[in-house]
Amino acid sequence: MIKHKKWKFSIKFSRIWRLTTTVVITFLLTFNFSWVATAAAKHYTDLQFEPLPEIKLPDYERMVLDNGLVVYLMEDHELPLVSGTALIKTGSRLEPGNKIGLAEITGSLMRTGGTINHPPDQLNKILEQRAASVETNISESAGNASFESLTEDLETVFGLFAEVLQKPAFTQEKLDLIKTQARGGIARRNDDPSNIASREFKKLIYGDNSPYARTVEYATLDEISRTDVVEFYQKYYSPNNMILGIVGDFNPKIMRSLITEKLGKWQPNPNISNISIPEVSPAKLGGVFVVDQPQLTQSNILIGHLGGKFDHPDYPALSIMNGVLNGFGGRLFNELRSRQGLAYTVYGYWSSRFDYPGIFIAGGQTRSDATVQFVKALESEIESIQQTKITEKELNYAKESTLNSFVFNFQDPSQTLSRLMRYEYYGYPADFLFLYQQALQKTTTADVQRVAQKYLKPENIVTLVVGNKTAIKPPLTQLASQVTPIDITIATEQTQAKN
């Protein structure tokens, strides 16, 4: 795998180096050096740039096999490489509450446990000899399987990819190893205050037992057996519950034939139906919470409340609101970092999800003795964007930065294909990206104020501080009369067994 990445990088680097060298030499030969002494330097805000190029989808083909497998094909002959990704409609949010970790273990074991025909070591050797890769995992809301290969090795590598999808061995030895590694992760999960803040904040927003916030424990790991892994796999992994996308240097006719040969005989699961995802409701409507970490000299702060989804009609205007708040020219940076000097990093944004509500979240890190001031400054900026319209200059800056970053999501065909697959996976229209882009361009200052007033809820903001409680001066009671402590003690395997 490493050889493949180095080889791929060397081709790209050599091309970039030749192009850069040519440009530099041409520039030096035509440059008028007398201009340097006389030209006045321009401020970065005065620089003029060409309009952004129009986003155009590369040609692609979509087909559906008889067994229900949806396939996207997109050619890209720049390099002799082919890559593919399969999205499987599953996720850790669908695992039983007493077996948290089952989905992640299943996703990892599919690859590390080898297949019925190729034990792990043999599978690894074949792929390494070809500088290829096959990987699998299961995240919160999707299963994922991918491959990368040189064009000349496509048939072999794709065959192994198809084998991993259809015939994983789920060896007990590798399962035990994964569970041991997971136990090590539990033991170390309180080492990083940022991780603590992120984990505990999600619990405050979604609830301790929500599939979007719950954590793996020793007790839930002990409940997971090989039978559970096999059953979870069999429940969700079938061709009629999957989308496959392939991009790269291939012949379409040969590729279609290869897909049909390797995956066309895979029998669909007749019991697959519309998967019901867990509902979301806010766990807390306000409050100040603290995780006391006496060893820290800084506070990690998060404030926010439940948010929304990407397909909400007001999401484009909320995206522009994000642009006003964030970045080097944003209000939070200018006020909390530049003017008040409270933090090196500060942020605040409406973070949406595809098919369940995300979070409005703001925060950063600051000195222990500046904690209360930092929180109040964040709250003040939230109220400010609600009470007064943003300026046209702020609007234009936010539009440009948002649209610029949006364009960079489509730099190469693989990124574009990934978007198309995810839109279908979550039930979005294929032209969603164009509808979103058009809505961004139409957003006005009045729209930004309207969505800020409608969706930002200062009265429901949950505040979490991870820091040295005794060093926070003035104390957190300046923010609320009641400050609730959060215990993050990791229950031992023996303690959880007694409970």
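1. In this predicted model, a search of the whole structure identifies 14 salt bridges. The points below take up some of them.

2. One of the salt bridges joins Arg256 to Glu61, with 2.9 Å between the closest N and O atoms. The pair connects distant parts of the chain: Arg256 belongs to helix H10 (residues 252–263) and Glu61 to strand S1 (residues 61–64), 195 residues apart. Arg256 is partly exposed, at 28% relative accessibility, and Glu61 is likewise partly exposed, with a relative accessible area of 27%.

3. A salt bridge also forms between Glu424 and Arg62, whose closest N and O atoms are 2.7 Å apart. Glu424 lies in helix H15 (residues 413–425) and Arg62 in strand S1, so this pair ties together parts separated by 362 residues in sequence. Glu424 has a relative accessibility of 23% and therefore counts as partly exposed; Arg62, at 42%, is also classed as partly exposed.

4. Glu261 and Lys262 meet through their side chains in a salt bridge, at 3.8 Å from N to O.

5. Which residues are linked in a network of salt bridges? The network consists of Arg199, Glu200 and Lys203.

Note on methods:
Residues numbered from 1 in each chain as written. Predicted model: local features only at pLDDT ≥ 70, side-chain atom pairs only at ≥ 80, totals over all residues. Heavy atoms only, no water. Salt bridge = Lys/Arg side-chain N within 4 Å of Asp/Glu carboxyl O. Helix = DSSP H or I, 4+ residues; strand = E, 2+ residues; numbered from the N terminus. Buried < 20%, exposed > 50% of the residue type's maximum accessible area, 1.4 Å probe, protein only.
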